[in-house]
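Please look at the sequence and the structure shown here before reading the report.

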Amino acid sequence: MYTKSAAVYVAGVGVVSAIGNDTASCLLALENETAGIGHITSLDTIHKNIIPVAEVKLDNRQLAAATGLTPSVSRTALLGMMAAKEAWNDAGISHQNNLRTGFVSANSVGGMDKTEAFFTAFLKDKNSGRLKDVANHECGAVTELVADALGIKNFVTTISTACSSSANSIFFGARLIKHNILDVVVAGGADALTKFTLNGFNTLQILDKEFCQPFDENRRGLNLGEGAGYVVLVSERVAANIKEKLYCRLSGYSNANDAHHQTASSPDGAGSYAAMKGALALSGLQTTDISYINLHGTGTFNNDISEGTAIQRLFEPHYPKMSSTKAFTGHTLGASGGIEAVFSSLAIKHNIIYPNLRLQTPMQALPFIPERVFQKNVNVNHVLSNSFGFGGNCSSLIFSKY
Amino acid sequence: MKTFIRATGNISPQKTFGSEPGASLLQELVIQKGNRLRCAEPDYLKYIDAKFIRRMSRIIKMGTAAAMECLHEAGIKSPDAIVMGTAYGCLEDTGLFLKKMVEQNEEMLTPTAFIQSTHNTIGAQIALLLQCHNYNNTFVHRGLSFESALLDAIMLLEENAATTVLTGAADEITDYSYAILSRFGLYKKGSIANTDLYNTFSRGTLAGEGAAFFLLSNQASAKDYATLDALYTFYKPAGAKEIEEQIAGFLKDQHITAADIDIVITGRNGDTKGDTVYSELEKTVFEKNTVINYKHLCGEYPTSTAFALWLAASVIKEGSLPAVLEKSATSKIKHLLIYNHYQNIHHSLMLVTAC
């Protein structure tokens, strides 16, 4: 039974990224304007010291110690558990009280970090390579490692729509609550850096050899990042008992397709325009109600002009404050929607706006300039968070003060 | 809420695709030897623009062609939403990029295989071909990838966010995945005919693959095959007792009993251990039911329930079981229940009913 008007609340958040191993340390880095980008240390690749990335500053052994998972599993599962566990503990919901609980996760390449290690031996001899390195190759297998460790069983699934994956998992989770299928959903996504994605993006020639500069006239491309971000979504009934825990409400969401090109965005941002417009329509808000946009803002030439043009078409002449936090965290692909949902929830709770780091020359084609400094005591009522991906998959979420 | 199955498109190892009007369901059984069933691929030029075909891998072609055939049958140019399920994604492109990355030591790589390795490629290619800007999602959850996509589609229809949803699943077997999954002991050792799948009494099953799409709607039409009345999944049940309870609970929620089910389609796959789950149920919940199996037709793969849903919908449309299944219904076929488990981890139930 679907109730359109049923509210869905964010009752817990958890994040791990290049700028911090938990929510508090990420917030501190955002306030101190400290980016997490640097040389590659975790991957054995020829691109070391050439292509900068945003690595989480814990190795697999440290992540395993912090999460209770074994260090030999995919780093994507380790990162996912790190953030999902923080979110779960933050919400403080127990499994005891007969709540129907789900885990809706997202990632782009599953256990690829282990698969690529396996392949070196496997290609030489089909009977070589450690099987346990491919046991969790599937995207869903990575999700289940985390779901099992969290003790979540009622509903578990995984979405993979490239860079919009975890925005989609969050709003699918919210819909499961609105349909009265679940009471509580841990939703978001995780992705570890892999040689597969690093080389893949490198062939597309969209990786910046310097620190990325989203929405800058002279932007050169994106920096890949890794991490995980989860929110704990709860129904009105659950929220009523934990009012002091609530961060915000997920008031709007929408998914649209650009239908332009497998990897490039259309010049006028047809997909991103439709996603933002759809999310506004569902939330019942006007463009002037939005306090802040957490941009997709990858720093590629193509994304930023396409997204910027879509924002101009939709918001002109009143532009909310906006910034891309990817200048801090890098582009974390399947995790980005989850990480940025956490940042959006924190912006509302703490009334803060994040800076768009390293913005030197604003884009000439756009009539607005993203925020350049961290701001406190701003009334942040509604945050629009954008996540756009390969395959034209565009999703927008709106978080609102409750 | 009833979900109407208006049209289907199914590329499988059997002759299930683009059959002539009036041709009866599964007229003959395609018998393949070995332990790996391959899809019978159509002439893609009928379904996809030639300039797109050149760049597409096999699974992308199969998925896209199945989707196009489904839309063609429905008489719809473009749906209100596209929702895909795939457990493995585009394995051929993934394997190709990995191979080159390793063998060329990360040098001189080209982007095509990487671009097309993304799990959402099929859904995206369908949107691109149709110029469809609507909702587009891809679920990648192992043995519940198709069920998750179906749930999303049903929810979209209930929300009135869509009146037509193109939903389906695609998974392929490649030489790499076959070699790796064989080492995990998934498949039977040595060669058998698919027709002997249930008579070997040994470990393992047959590798399978397929791409099947459905046009689902919240509105009835004259073309409808059947309705999908309910979908339910459960994860890692504690044992036979919980499985029984879950199935009984599902039937109760639907206000029917096992006696009301005319045919049960189970996911029996020839693996002695996994099949005990079905054997137990045939002694209890399904004791008095006519039970048929489908995995000798398409092999085992995580999204094989898309084939099962196609079979269920087609049997209802046809009004009888095809002769190749060697069973007949004792009554007019009204309710058909699909029950499958994938490695006893992912379990799903679908209730399909005549309109």
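## Basis

This is a predicted model, in which local features need pLDDT of at least 70, side-chain atom pairs count only at pLDDT 80 or more, and totals for chains, interfaces and linings use all residues. Residues are numbered from 1 along each chain as its sequence is written, while chains are lettered from A and ligands numbered from 1 in the order in which they are written.

## Chain B

Chain B contains eleven helices and twelve strands, taken as DSSP runs numbered from the N terminus (helices H or I, at least four residues; strands E, at least two). Its C-alpha atoms fill a box of roughly 60 × 45 × 40 Å along the principal axes. The radius of gyration of chain B is 20 Å, which agrees with a compact globule because 355 residues would give a value near 20 Å; the radius is taken over C-alpha atoms, and the globule rule is 2.2 Å times the number of residues to the power 0.38.

Of the 355 residues of chain B, 57% count as buried. A residue is buried if 20 or more other C-beta atoms, placed from the backbone, lie within 10 Å of its own, exposed if 12 or fewer, and partly exposed in between.

## Contact between the chains

In all, 47 residues of chain B are in contact with 46 residues of chain A, where contact means C-beta atoms, placed from the backbone, within 7 Å. Elements giving two or more residues to the chain B side include α3 (91-103), α5 (121-130) and β4 (135-139) of chain B. The largest share, six residues, comes from α3(B).

## The nonpolar core

The largest nonpolar core has 246 residues, and those with the most contacts inside it include Val10(A), Val186(A) and Ala312(B). Such a core is a set of buried Ala, Val, Leu, Ile, Met, Phe, Trp, Tyr and Cys residues joined through C-beta atoms within 7 Å. Beyond its neighbours within four places in sequence, Val10(A) is in contact with residues including Leu246(A), Ser345(A) and Phe399(A).

## Two parts of chain A

Helix α7 (residues 195-203) of chain A is mostly covered, with seven of its nine residues buried. Among the buried residues are Phe196(A), Gly200(A) and Phe201(A). Their cover includes α4 (112-124) and β6 (224-225) of chain A, together with α3 and α4 of chain B. After α7(A) comes Gln205(A), with a positive phi near 55°.

Elsewhere, Ser165(A), Ser166(A), Ala167(A) and Ile170(A) in α6(A) meet Ser336(A), Gly337(A), Gly338(A) and Ala341(A) in α12(A).
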